[in-house]
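Visitor: I would like to learn how to read a model like this one. Could you take me through the features one by one?

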Amino acid sequence: ESVADVLQIGQEVQVRVTSVDVGAGKMSLSMKEECQPREPDDLSAFEGIASDQWLTGKVVGTPQFGAFVEVTAPDSNSKAQGL
């Protein structure tokens, strides 16, 4: 789903300012609510997994630049998300 599928020119929306760069003449806006940073995943269970080993995962997000997938480490219950 692209932005054009959701928004139309002339449509009023609620946004918040996320950053301002006066020197560059740029301002960043967001329609998303501010998220609290989450604790980083413990990735130690994933160390040493060979790049040719395939894991089954669940897609948990699909921004325009890729997909976030949650996987479980082999021989463990440890879960983590990656892009």
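Visitor: Where is confidence lowest, and where is it highest?

Guide: This is a predicted model. Start with the overall score. The mean pLDDT of the protein is 84, and 96% of its residues reach 70 or more. Then go element by element. Helix 1, residues 3–6, has the lowest confidence, with a mean of 77. Strand 4, residues 68–72, has the highest, at 89.

Visitor: Now the strands. How many bridges join strand 1 to strand 2?

Guide: First, a general idea. Now the case here. Strand 1 covers residues 16–21 and strand 2 covers residues 26–30. They run antiparallel, joined by five bridges.

Visitor: Which residue other than glycine has a positive phi?

Guide: Asp75 is one, with phi near 60°. Asp75 sits in the loop between strand 4 and strand 5.

Visitor: Is Asp75 buried or exposed?

Guide: Read the relative accessibility against the cut-offs. Over 50% is exposed and under 20% is buried. Asp75 is at 84%, so Asp75 counts as exposed. Ser76 lies in that loop between strand 4 and strand 5 too. Ser76 is at 27%, so Ser76 counts as partly exposed.

Visitor: How far apart are Ser76 and Gly23?

Guide: Their C-alpha atoms are separated by 50 Å. Along the chain they are 53 residues apart.

Visitor: Back to strand 2. Why does Ser30 count as buried?

Guide: Ser30 is found in strand 2. Its relative accessible area is 17%, so Ser30 counts as buried. Now check the contacts, leaving aside neighbours within four places in sequence. Ser30 touches Gln14, Val15, Arg16 and Thr18.

Visitor: Arg16 is on that list. What does Arg16 contact in turn?

Guide: Arg16 is then in contact with Ser28, Leu29, Ser30, Lys32, Glu33 and Glu34. Arg16 lies in strand 1. At 30% relative accessibility, Arg16 is partly exposed.

Visitor: Last feature. How much space lies in the largest pocket?

Guide: The general idea first. A probe the size of a water molecule, rolled over the atoms, shows where empty space is left. Here, the largest pocket holds about 450 Å³. It is lined by 12 residues, and Val3, Met31, Lys32, Pro63 and Gln64 are the closest to its centre.

Visitor: How does the lining of the largest pocket divide by residue type?

Guide: Six residues are nonpolar, four are polar and two are charged.

Notes
Residues are numbered from 1 along each chain as its sequence is written. This is a predicted model: local features need pLDDT of at least 70, side-chain atom pairs count only at pLDDT 80 or more; totals for chains, interfaces and linings use all residues. Side-chain values use heavy atoms; hydrogens and water are left out. Two strands pair if DSSP finds at least two bridges between them. Helices (H or I, at least four residues) and strands (E, at least two) are DSSP runs, numbered from the N terminus. pLDDT is the predictor's confidence in each residue, from 0 to 100. Buried means under 20% relative accessible area, exposed over 50%, partly exposed in between (1.4 Å probe, protein chains only). Contact means heavy atoms within 4.5 Å. On a 1 Å grid over the protein atoms alone, a cavity is a set of points where a 1.4 Å probe fits but cannot get out, and a pocket is an open set with protein on both sides within 12 Å along at least five of seven lines; lining residues have an atom within 4 Å of a point. Grid points are joined across faces, edges and corners, and a volume is the space filled by probe spheres set on the points. Ala, Val, Leu, Ile, Met, Phe, Trp, Tyr, Cys and Pro count as nonpolar, Asp, Glu, Lys and Arg as charged, and the others, Gly among them, as polar.
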